[in-house]
Amino acid sequence: MNRIVVIHESKYGYTKRYAEWLGEALSCPVFERKTFRPRDLSRYETVIYGGGIYAGGISGIQFLRRNGMLLSGKKVLLFTCGLADPDNPDNISNIRSSVEKAFSGKIPEQIRLFHLRGGMDYSRLTFVHRSMMSMLRKMLLKKEDSERSWEDRQILETYGQCLDFTDRESIRPLVEYAGCESSL
Ligand SMILES: Cc1cc2nc3c(=O)[nH]c(=O)nc-3n(C[C@H](O)[C@H](O)[C@H](O)COP(=O)(O)O)c2cc1C
């Protein structure tokens, strides 16, 4: 039997939504990172970890880094949840670089990366996050339009809005990989 667990860290609920959809699809328990005891990893064969992306970093990714020993021999899926469109290969390569940095250069072979698209409701942002987005906007406004990437333009066009790109169908590759017993 493939015992699976989903662990997540989510600030505004988008990663949590995906974690819950995964829990339903795989009939497995779902925990917030803060309430999950690493020693309980021994109960599972497959670990799915999800975190939101903030300024390029992935929320709570240290959970995977610090518990390398406890995760050894397990199948690990890491999904990121960000505003960046995962259909854009530049975004995927940026996220990959950030994960590599988190693992001091090399992502352990047992970890498979997945990228899901989240959302952002500007009216719910904390003061710090709102200030960060406002600084980013000011920086983007200073650029010539020709220097702006597609992502930059998207941020400027949708600034202040409530965006939600979550899509239940997009968890399918994770469900297939996690549920596949033979791939370890
Ligand atoms: C201050 C700030 C920085 C962000 N930086 C990024 C980023 O670098 N890349 C990205 O794709 N999304 C970025 N986002 C968008 C979040 O990843 C997105 O809102 C995600 O759905 C949050 O998931 P959560 O609610 O589960 O934490 C940022 C959002 C905020 C508020």
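**View 1. The end of helix α4 and the residue after it.** Following α4 comes Ser 104, which has a positive phi near 55 degrees. Helices here are DSSP runs of H or I with at least four residues, strands are runs of E with at least two, and both are numbered from the N terminus. Helix α4 covers residues 89-102, and its end C-alpha atoms are 20 Å apart, in agreement with the 20 Å that its 14 residues should span at 1.5 Å a residue; the expected span is 1.5 Å times one less than the number of residues. Please keep in mind that this is a predicted model, where local features need pLDDT of at least 70, side-chain atom pairs count only at pLDDT 80 or more, and totals for chains, interfaces and linings use all residues. Residues are numbered from 1 along each chain as its sequence is written.

**View 2. The shell around the ligand.** Of the 24 residues around the ligand, Tyr 12, Thr 15, Gly 52, Gly 82 and Gly 118 come nearest (a residue is near if its C-beta atom, placed from the backbone, lies within 6 Å). At least two shell residues come from each of α1 (14-26), β3 (46-54), β5 (75-82), β7 (119-121) and α5 (127-142).

View 3. The protein is divided into domain 1 (4-118 + 165-183) and domain 2 (122-162), with bounds from an automatic or database domain assignment. Their C-alpha centres lie 26 Å apart. Each domain gives at least three residues to the shell around the ligand.

**View 4. Helix α1 passing helix α7.** The axes of α1 and α7 (residues 172-179) come within 10 Å and cross at roughly 45 degrees. That makes α1 oblique to α7; angles under 35 degrees count as roughly parallel, over 145 as roughly antiparallel, 65 to 115 as roughly perpendicular and the rest as oblique. Axes are lines fitted to C-alpha atoms, for helices over the stretch in contact, and angles run from 0 to 180 degrees between N-to-C directions.

**View 5. Helix α5 packed with helix α6.** Here α5 and α6 (residues 150-158) pack at about 120 degrees, with axes 10 Å apart. The two helices α5 and α6 are therefore oblique to each other.
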